[in-house]
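Subject: Handover of a structure and notes on its contents

Dear colleague,

Please find below the structure that I am handing over to you, together with its sequence. My notes on what was found follow directly after.

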Amino acid sequence: MKLGLGLYRHALSPENFRFARQCGCTHIVAHLVDYFKGAPAGASGDQPTGGADGWGYAGSADALWTQRELDGLVKQAAAEGLQIAAVENFDPAHWYDILLDGPRRSDQIEGIKTIIERVGRAGIPCIGYNFSLAGVAGRIRGPFARGGAEAVGVEGCDQSPIPHGMVWNMIYDVHAPEGNMASISVAELWRRVGAFLDDVLPTARRAGVVLALHPDDPPFATLRGTPRLVYQPELYQKLLDLNSDPGNQLEFCVGSVAEMTEGDVLEAVDRFSRQGKIAYVHLRNVRGKVPSYRETFIDDGDVDIIRVMAILKRNGFNGVVIPDHAPQLTCGAPWHAGMAYALGYMQAALRTI
Ligand SMILES: [Mn+2]
């Protein structure tokens with residue numbers, strides 16, 4: 001098992017690569033989507049939560065991530081002794097009509113194939129994705145963690161409609177007509193993800209890239225009037241059974257699974273790691289489940305994190321584990337301190353197991 005750090009686009013810097021290495025990481029999970037585009041200055045200190053307008057603006061539909069920037073990222077990380085384990089999330093600008101089954105779908109499938117090929121050519125073995133219309137929405141922020149540390153949580157389910165021009169909590173078309181996203185059935189959402197996987201997995205296999213699905217965060221059955229895909233542990237199995245290609249894998253989010261109302265997070269870790277279907281792991285802790293939970297420090301929630309890591313090890317999981325979100329520590333570098341705290345705990349856990 002390897003230790004990694006997830007970095008948002010604005011944080012992909014030599015300083016943060018060095019910080020990761022100093023915390024004992026060997027790998028980086030890189031976000032190339034800029035979740036903070038158009039957000040007020042200073043909004044990028046922690047994970048985005050967003051209001052009715054979402055996180056902000058998606059990238060440009062016609063500007064795919066280039067080979068040059070992917071190669072540069074790998075090179076920059078290597079200069080600090082790190083490997084890029086995965087690129088996390090597609091830009092809504094690059095695949096909104098794949099999510100929405102819209103008129104540009106076939107063009108966007110070709111674009112996603114191009115991105116997958118470039119990621120593979122750069123030597124990055126995985127892309128994490130979240131097949132979701134509402135995305136990560138409807139969370140609250142406050143001094144919820146131990147000692148009043150800033151953290152996020154959920155209190156009730158946001159069913160406000162999603163305006164046209166927005167998907168996955170980001171705005172991809174500022175000129176969209178008035179009105180809201182049409183409602184669809186959960187069967188239609190599963191049809192869309194199945195068609196997406198059928199279309200791109202052969203390309204991913206040739207490129208040496210696996211696709212790893214993040215479950216719904218927060219894991220409600222519906223959010224903002226739209227169905228959700230993986231909001232119970234059992235639905236992870238449905239996703240795996242949808243396509244037998246070895247590149248159809250999971251971005252296993254321990255916190256999101258723990259927030260689900262059914263099943264047990266330790267059983268789920270065991271079940272999916274035994275199948276060898278976990279590409280990489282998001283590790284965090286939480287107290288409560290939907291519709292009411294609060295993210296906590298890694299040692300302080302409902303989940304026995306050391307047991308999670310012991311199960312992964314017992315089942316031969318050899319991939320990367322990264323801290324997911326972490327509460328912000330009260331100091332001059334709240335995000336860094338939160339990550340260093342989580343990574344130190346994970347280092348000790350790795351030694352212990
Ligand atoms: Mn996660």
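Two strands are said to pair if DSSP finds at least two bridges between them. Please bear in mind that the model is predicted.

Overall form

The protein chain contains 10 helices and 17 strands. Its radius of gyration is 19 Å, close to the 20 Å that the globule rule gives for 353 residues, so the chain is as compact as a globular protein of that length. The C-alpha trace spans about 50 × 45 × 40 Å along its principal axes. Of the 353 residues, 48% are buried. When contacts between residues at least 6 apart in sequence are considered, 73% of them join residues at least 24 apart.

In soluble globular proteins, nonpolar side chains tend to be buried together. Here the largest nonpolar core has 116 residues, and the members that touch the most others are I28, C126, V254 and Y280. Helix α5 (residues 186–207) gives the most to this core, with 7 residues. For V254, leaving aside residues up to four places away in sequence, the residues touched are V265, V281, H282, L283, R284, V303 and V308.

Strands of a sheet pair through backbone hydrogen bonds, either parallel or antiparallel. Strand β7 (residues 149–155) has 5 of its 7 residues buried, so β7 is largely enclosed by the rest of the structure. Strand β6 (residues 140–145) pairs with β7 in the antiparallel sense over 4 bridges, and A145 stands opposite A149 in β7. These two strands form a hairpin with 3 residues between them, and G147 in the turn has a positive phi of about 70°.

β7 also pairs with strand β16 (residues 292–296), in the antiparallel sense and over 3 bridges. Within this pairing, V154 stands opposite Y293 in β16, and the bridge partner of E155 is S292.

β16 is joined in turn to strand β15 (residues 285–289) by 5 bridges, and the two run antiparallel. V286 stands opposite E295 in β16. β15 and β16 form a hairpin with 2 residues between them. P291 is found in the loop between β15 and β16, and the peptide bond from V290 to P291 is cis, with omega near 10°.

A sheet of 3 strands

An open sheet with mixed pairing has its 3 strands in the order β3-β9-β8. β3 (56–57) and β8 (166–167) are the edge strands, each pairing on one side only. β3 and strand β9 (residues 170–171) run parallel and are joined by 2 bridges; the bridge partner of G56 in β9 is M170. In the loop between β8 and β9 lies W168. This residue has a positive phi of about 55° although it is not a glycine. Is W168 buried or exposed? W168 has 25 C-beta neighbours inside 10 Å, and it counts as buried because the cut-off for a buried residue is 20 or more.

Helix α10

Helix α10 (residues 334–352) has 19 residues, which should span 27 Å at 1.5 Å a residue; the end C-alpha atoms are 27 Å apart, in agreement with that figure. Which residues of α10 are buried? They are G338, M339, A340, A342, L343, M346 and A349. An α-helix has 3.6 residues a turn, so residues three or four places apart point the same way. The cover over the buried residues of α10 includes β1 (2–7), β14 (278–283), α9 (305–314) and β17 (320–323).

Further backbone points

Most residues other than glycine have a negative phi, and most peptide bonds are trans. The peptide bond from D217 to P218 is cis, with omega near -5°, and P218 lies in the loop between β10 (210–213) and β11 (222–223). D101 has a positive phi, near 55°, and is not a glycine. D101 lies in the loop between α3 (92–100) and α4 (105–121). With 14 other C-beta atoms within 10 Å, D101 is partly exposed.

Yours sincerely

Definitions and conventions: Residues are numbered from 1 along each chain as its sequence is written. This is a predicted model: local features need pLDDT of at least 70, side-chain atom pairs count only at pLDDT 80 or more; totals for chains, interfaces and linings use all residues. The radius of gyration is taken over C-alpha atoms; the globule rule is 2.2 Å times the number of residues to the power 0.38. A residue is buried if 20 or more other C-beta atoms lie within 10 Å of its own, exposed if 12 or fewer, and partly exposed in between; C-beta atoms are placed from the backbone. Two residues are in contact if their C-beta atoms, placed from the backbone, lie within 7 Å. A nonpolar core is a set of buried Ala, Val, Leu, Ile, Met, Phe, Trp, Tyr and Cys residues joined through C-beta atoms within 7 Å. The expected span of a helix is 1.5 Å times one less than its number of residues.
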